[in-house]
Amino acid sequence: MEHIAAELFQDKLLKWYYEHKRELPWRQTKDPYKIWLSEIILQQTRVQQGLPYWEKFVETFETIIDLANADEQTVLRLWQGLGYYSRARNMHAAAQYVRDELDGKFPTSFIEIKKMKGVGEYTAAAVASFAFGEKVAVVDGNVYRVLARLFGMEEDIASAKDQKVFREKAKSLLPDQNIGDYNQAIMEFGAMHCKPANPICLFCPFSDFCVARKLGKQGSLPFKSKKVKVRERFFHYLVFEYEGKLLLKERKAGDVWQGLFDFPLIEKGEFEEHGKLLDTISSFAGVNTENIAVEDESELFTHILSHQKLQAKFFSFRLNSEKLAEILTKEYYGSFYDMDEIKDLPKPVLILKFLNKGVY
């Protein structure tokens, strides 16, 4: 089956791009900091959702030094709602690396950019080509899809060995000029035209050459081996109120949402009643439960992460003793905050959903 020549592919792709591309602010600059910010935000986030976050970060931290000098809680608070919070922590650490190790100057090559924390092959290639015109190929999910369908590549995109095959193919198609536009174009084509579902094959500039279209394999390419099993977890959030304030704690390393604040948590295999939770609190903290009034039990909240399904309920308790509040603060390593203070804390979306119900 005849494959399209690299030069013809480049010409058709760039023509399509210049006619159909979305006008996005990070495409209007060569500032590597702003481009890098956009790539980190869009790693696990759709453009429509990520755009206001990018604008907020650029407005708050005009330079990478401003970002480096910020405290982590401020960064996480601005990131709140995007999920995958390790991206924000890595981004902050990378900014500090540029400040401390590179004299505040953003690295200018693929190899050097890749040394920044949280930056892999794709992100380094994107920033190097968009900002500096370096001849390196970007390969993301959109590029996998375009290459797999157009050239009938059936390699497994979940396999490190097969990913190398795709990278080599992408490299072979690179033009000698307009590298940044070309890389933007192939990603944009995958996002807007050669979509995962319902690709626009009827009006495709590559319809005469596309292997997947000729063989009817648009739905099966690219091939990705079976997904990781999703783990289901049951969160019992303990909402302790004392004199109009709520007890929250910072989540530590070793689980989801490191550095964010949530309520004391008991995790069990299934949901328990208020009364049984009260017994658990009593045995855990060694407190007399006479000064704990059982309040409401929330509806069920469901939150989906990449490999986890979180089922959560919020169990509210009112404390009638200052000593008890002090004991629980110590036992749960938390503090009591009023609602204005809570608004300024970085929190998981799950906690926001509960608070937005207006119970407190």
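This is a predicted model: local features need pLDDT of at least 70, side-chain atom pairs count only at pLDDT 80 or more; totals for chains, interfaces and linings use all residues.
Biologist: How are the axes of helix α9 and helix α11 oriented to each other?
Modeller: The axes of α9 (residues 141–151) and α11 (residues 179–192) come within 8 Å and cross at roughly 80°. Angles of 65 to 115 degrees count as roughly perpendicular. That makes the orientation of α9 to α11 roughly perpendicular.

Biologist: How many residues of the contact of α9 with α11 are charged?
Modeller: On the α9 side the contact includes Asn-142, Val-143 and Arg-145, and on the α11 side it includes Ile-186, Met-187 and Phe-189. The contact residues divide into 7 nonpolar and 2 polar, and the number of charged ones is 1.

Biologist: Is Gln-10 buried or exposed?
Modeller: Gln-10 lies in helix α1 (residues 6–20). Leaving aside residues up to four places away in sequence, Gln-10 touches Leu-173, Leu-174, Pro-175 and Tyr-182. Buried means under 20% relative accessible area. With a value of 11%, Gln-10 is buried.

Biologist: Which strand pairs with β7 in the parallel sense?
Modeller: Strand β5 (residues 292–297) pairs with β7 in the antiparallel sense over 4 bridges. Strand β6 (residues 301–304) also pairs with β7 in the antiparallel sense over 4 bridges, and a hairpin of 3 residues joins β6 to β7. The parallel pairing with β7, over 11 bridges, is made by β1.

Biologist: Which residue of β7 is the bridge partner of Phe-235?
Modeller: Of the 12 residues of β7 (residues 308–319), 10 are buried, so the strand is largely enclosed by the rest of the structure. Phe-301 has Ala-312 as its bridge partner in β7. The β7 partner of Phe-235 is likewise Ala-312.

Biologist: How far apart in sequence are the parts that the pair of Phe-9 and Phe-206 ties together?
Modeller: A search of the whole structure finds 25 aromatic pairs. In one of them, the ring centres of Phe-9 and Phe-206 are 5.1 Å apart and the planes stand at 35°, so the pair is tilted. Phe-9 lies in helix α1 and Phe-206 in the loop between α11 and α12, so the parts tied together are separated in sequence by 197 residues.

Biologist: What kind of aromatic pair do Phe-263 and Phe-314 form?
Modeller: Both Phe-263 and Phe-314 are buried. Phe-263 lies in the loop between β3 and β4, and Phe-314 in strand β7. Planes over 60 degrees apart count as edge-to-face. With centres 6.1 Å apart and 85° between the planes, the pair of Phe-263 and Phe-314 is edge-to-face.

Definitions and conventions:
Residues are numbered from 1 along each chain as its sequence is written. Side-chain values use heavy atoms; hydrogens and water are left out. Axes are lines fitted to C-alpha atoms, for helices over the stretch in contact, and angles run from 0 to 180 degrees between N-to-C directions. Helices (H or I, at least four residues) and strands (E, at least two) are DSSP runs, numbered from the N terminus. Angles under 35 degrees count as roughly parallel, over 145 as roughly antiparallel, 65 to 115 as roughly perpendicular and the rest as oblique. Contact means heavy atoms within 4.5 Å. Ala, Val, Leu, Ile, Met, Phe, Trp, Tyr, Cys and Pro count as nonpolar, Asp, Glu, Lys and Arg as charged, and the others, Gly among them, as polar. Buried means under 20% relative accessible area, exposed over 50%, partly exposed in between (1.4 Å probe, protein chains only). Two strands pair if DSSP finds at least two bridges between them. Rings of Phe, Tyr and Trp (its six-membered ring) pair if their centres lie within 6.5 Å; planes under 30 degrees apart count as stacked, over 60 as edge-to-face and the rest as tilted.
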